[in-house]
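Colleague: I am new to this structure, and I would like to go through the terms used for it one at a time. Could you show it to me, so that I can ask what stands behind each of them?

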Amino acid sequence: MPETTTPKATNHEGTTPGSVTSDATPPEARAKPRRLVRRNRLPYLLVLPSFVFMVLLLGWPTLVGVREAFTGSGGGFTLDNWQRMAAEPRFWQAVRNTLLLIVVVVPVQFALAFGMAMLLQSKLRGSRFYFYLWAVPLAVSDLAAGLVWLSVFTDRGYLNSALSHLGFGDGFSWLSYQNVSTMLLAVVLAEIWRSTSLVLIIVVAGMQMIPREFDEAAQVFGGNAWQRVRHVVLPMLKPNLQVALVLRLIMAMQSFAVAQALTGRNFPLLVGETYEWFTALQNPAVASAVALVVLGVSLFASTASLRLLRQPQAEVGLR
């Protein structure tokens, strides 16, 4: 005999007794996912104005520069701008001078900043005064710093006047185009004075975050001053040194105003060549090509420095 199924009783609304519908869900339970979605959107909404601002300030000009660098006079794609840039002798002089400035200035600045930070950490008398004194160049613009050092190195500047009073002749043409080494010396000294304070502040901020217990433990186990610096201070300063190195490399690539005030075009730099092509030679396309070279070298140098000072935790995370 075939089995018979008894139909379930239904109420007048067409639902079985005991079944739960969405109408029976409490309003509080339905509101929780909505609140969660709003909470997840909030960080993105807060970041959105900054993102739009950065796109308009950096992204759009970069795209326009890329298009300009690869656009010919007829409006089509071309590499003539890059060929003209590479054929200019001053461009290669600017590349050499910029890289030379980075190689000389950046290591000296880090050594000076670290030494000054160690002196400040030793709590010498008047250390706060020294800190504010060393931080003064941060308030001076690049062009003003160049003019200050121009008054020192010019033919009738303070340096030649002091040498003349000491009986060393009538002075020396420090900024003459015939003396490339002394021009480099003047630009290097001006750059070191201008931007070492930035590295100093970053290093001092990092040193203040190192617990004193670490250094005391190293002393208890017989570590001398150099061993404590090498095995305690420097490893814990890696994040700060990483930030300072990236900033200094980018700023060194963008050096222009100091050298322009001191030497003009006698000591060409990459950013200075961009300025000359755009203003004096009235060629925005080649100027955009030089600017893209600056951007590319800056990105490469920043990436290399980040990999050089990468934290062990970051390496494990990338694997």
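Colleague: Why is Val 52 called partly exposed?

Modeller: This is a predicted model, and in it Val 52 has a relative accessible area of 39%. Buried means under 20% and exposed means over 50%, with partly exposed in between, so at 39% Val 52 is called partly exposed. Its place is in helix H1.

Colleague: What makes the nonpolar surface patch of about 880 Å²?

Modeller: The patch is made by Leu 42, Leu 45, Leu 46, Val 47, Leu 48, Phe 51, Val 52, Val 55 and Leu 56.

Colleague: Why does Gln 282 count as exposed?

Modeller: Its relative accessibility is 61%, and because exposed means over 50%, Gln 282 counts as exposed. Gln 282 lies in the loop between helix H12 (270-280) and H13, and its phi is near 55°, a positive value in a residue other than glycine.

Colleague: How do you know that Glu 191 forms a salt bridge with Arg 194?

Modeller: The closest N and O atoms of Glu 191 and Arg 194 are 2.8 Å apart, and the rule asks for a side-chain nitrogen of Lys or Arg within 4 Å of a carboxyl oxygen of Asp or Glu, so the pair is a salt bridge. Side chains of opposite charge can pair when their charged atoms come close. Glu 191 and Arg 194 are three residues apart in helix H7, and they are therefore separated by about one helical turn.

Colleague: What makes Glu 191 buried?

Modeller: Glu 191 has a relative accessible area of 2%, and because buried means under 20%, Glu 191 is called buried. Arg 194, with a relative accessible area of 8%, is buried by this rule too.

Colleague: Which residues meet in a salt bridge at 4.0 Å, N to O?

Modeller: The side chains of Arg 265 and Glu 276 meet in that salt bridge. Arg 265 lies in the loop between helix H11 (257-263) and H12, whereas Glu 276 is in helix H12, so the pair ties together parts that are eleven residues apart in sequence. Glu 276 is buried, with a relative accessible area of 11%, while Arg 265, at 28% relative accessibility, counts as partly exposed. Arg 265 also forms a salt bridge with Glu 273, where the closest N and O atoms are 3.0 Å apart. By this rule the count comes to four salt bridges.

Colleague: What makes up the lining of the second largest pocket, by class?

Modeller: The lining has eight nonpolar, four polar and no charged residues. The pocket holds about 280 Å³ of space, and the largest share of its lining, six residues, comes from H1.

Colleague: What is the lining of the largest pocket, by class?

Modeller: There the lining has eight nonpolar, three polar and five charged residues. About 430 Å³ of space lies in the largest pocket, and among its 16 lining residues the closest to the centre are Met 118, Gln 121, Arg 212, Asp 215 and Val 233. The largest share of this lining, five residues, comes from H9.

Key:
Residues are numbered from 1 along each chain as its sequence is written. This is a predicted model: local features need pLDDT of at least 70, side-chain atom pairs count only at pLDDT 80 or more; totals for chains, interfaces and linings use all residues. Side-chain values use heavy atoms; hydrogens and water are left out. On a 1 Å grid over the protein atoms alone, a cavity is a set of points where a 1.4 Å probe fits but cannot get out, and a pocket is an open set with protein on both sides within 12 Å along at least five of seven lines; lining residues have an atom within 4 Å of a point. Grid points are joined across faces, edges and corners, and a volume is the space filled by probe spheres set on the points. Helices (H or I, at least four residues) and strands (E, at least two) are DSSP runs, numbered from the N terminus. Ala, Val, Leu, Ile, Met, Phe, Trp, Tyr, Cys and Pro count as nonpolar, Asp, Glu, Lys and Arg as charged, and the others, Gly among them, as polar. Patches are made of residues with over 30% relative accessible area and no salt bridge: like charges are joined within 9 Å, nonpolar side chains (Val, Leu, Ile, Met, Phe, Trp, Tyr) within 5 Å. Accessible areas come from the Shrake-Rupley method with a 1.4 Å probe; for residues, only the protein chains shown count as cover. Buried means under 20% relative accessible area, exposed over 50%, partly exposed in between (1.4 Å probe, protein chains only).
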